[in-house]
Amino acid sequence: MLIKNRIRELRLARGWTQLDLAKRWVVSKNSVSCWETYVFHPSLMDCILLCSVFDCSIEDLFPGFYSAVELVERQEVRTWVFESTEFV
């Protein structure tokens, strides 16, 4: 599953190179490149650290991801309520 992120957008908005971000994030420039091009996703710990570096929320970093999860959860709840309800 491809999870879109705003790493590149947030980095460029601050005028940082990949190397600048890598130094602030304490990772390699190659890691930054791989995360920006979706070769692989950062770990949860890396996401938390990255939010600290950018001073943003997880929702800001991964827009739409949590709204999609919420939609699935609501659909599951709706299905459960419908199946559990007895109509008289």
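Two salt bridges turn up in the structure, a salt bridge being a side-chain nitrogen of Lys or Arg within 4 Å of a carboxyl oxygen of Asp or Glu. Side chains of opposite charge can pair when their charged atoms come close. This is a predicted model, in which local features need pLDDT of at least 70 and side-chain atom pairs count only at pLDDT 80 or more, while totals for chains, interfaces and linings use all residues. Residues are numbered from 1 along each chain as its sequence is written, and side-chain values use heavy atoms, with hydrogens and water left out.

One of the bridges joins Arg6 to Glu9, with 3.1 Å between the closest N and O atoms. Both partners are partly exposed: Arg6 has a relative accessibility of 23%, and Glu9 has 47%. (Buried means under 20% relative accessible area, exposed means over 50%, and partly exposed is in between, with a 1.4 Å probe and protein chains only.) The other bridge pairs Glu36 with Arg11, at 2.6 Å from N to O. Because Glu36 sits in helix 3 and Arg11 in helix 1, this pair ties together parts that are 25 residues apart in sequence. Glu36 and Arg11 are both buried.

As for the overall layout, the protein has 6 helices and 0 strands, and along the sequence the pattern reads α-α-α-α-α-α. Helices (H or I, at least four residues) and strands (E, at least two) are DSSP runs, numbered from the N terminus. Of the 88 residues, 27% count as buried. Contact means heavy atoms within 4.5 Å, and among contacts between residues at least 6 apart in sequence, 52% join residues at least 24 apart. The accessible surface comes to about 6300 Å², with 60% of that belonging to carbon and sulfur atoms; the areas come from the Shrake-Rupley method with a 1.4 Å probe, and for residues only the protein chains shown count as cover.

Helix 2 has four residues listed as buried, namely Gln18, Leu21, Ala22 and Trp25. Seen down the axis of helix 2, the buried residues fall within an arc of 100°, so they line one face of the helix. The arc is that of the directions from the helix axis to the C-beta atoms. An α-helix has 3.6 residues a turn, so residues three or four places apart point the same way. The cover over this buried face includes helix 1, helix 3 and helix 4. Gln18 itself counts as buried because its relative accessibility is 17%. Apart from neighbours within four places in sequence, Gln18 touches Arg11, Lys29, Val32, Ser33 and Glu36.

Just past the end of helix 4, Asp55 has a positive phi of about 55°.

On the surface, Leu44, Met45, Ile48 and Leu49 make up a nonpolar patch with about 420 Å² of accessible area together. Patches are made of residues with over 30% relative accessible area and no salt bridge, where like charges are joined within 9 Å and nonpolar side chains (Val, Leu, Ile, Met, Phe, Trp, Tyr) within 5 Å. Leu49 belongs to helix 4, residues 44–54, and counts as partly exposed because its relative accessibility is 39%.

The cysteines form 0 disulfides, a disulfide being a pair of cysteine sulfur atoms within 2.5 Å. For Cys51, the closest cysteine sulfur is that of Cys56, and at 4.3 Å it is too far for a bond. Both residues are buried: Cys51 has a relative accessibility of 8%, and Cys56 has 18%.

Finally, Asp60 is found in helix 5 and is partly exposed, at 37% relative accessible area. Asp60 and Leu10 are 50 residues apart in sequence, with their C-alpha atoms 9.4 Å apart in space.
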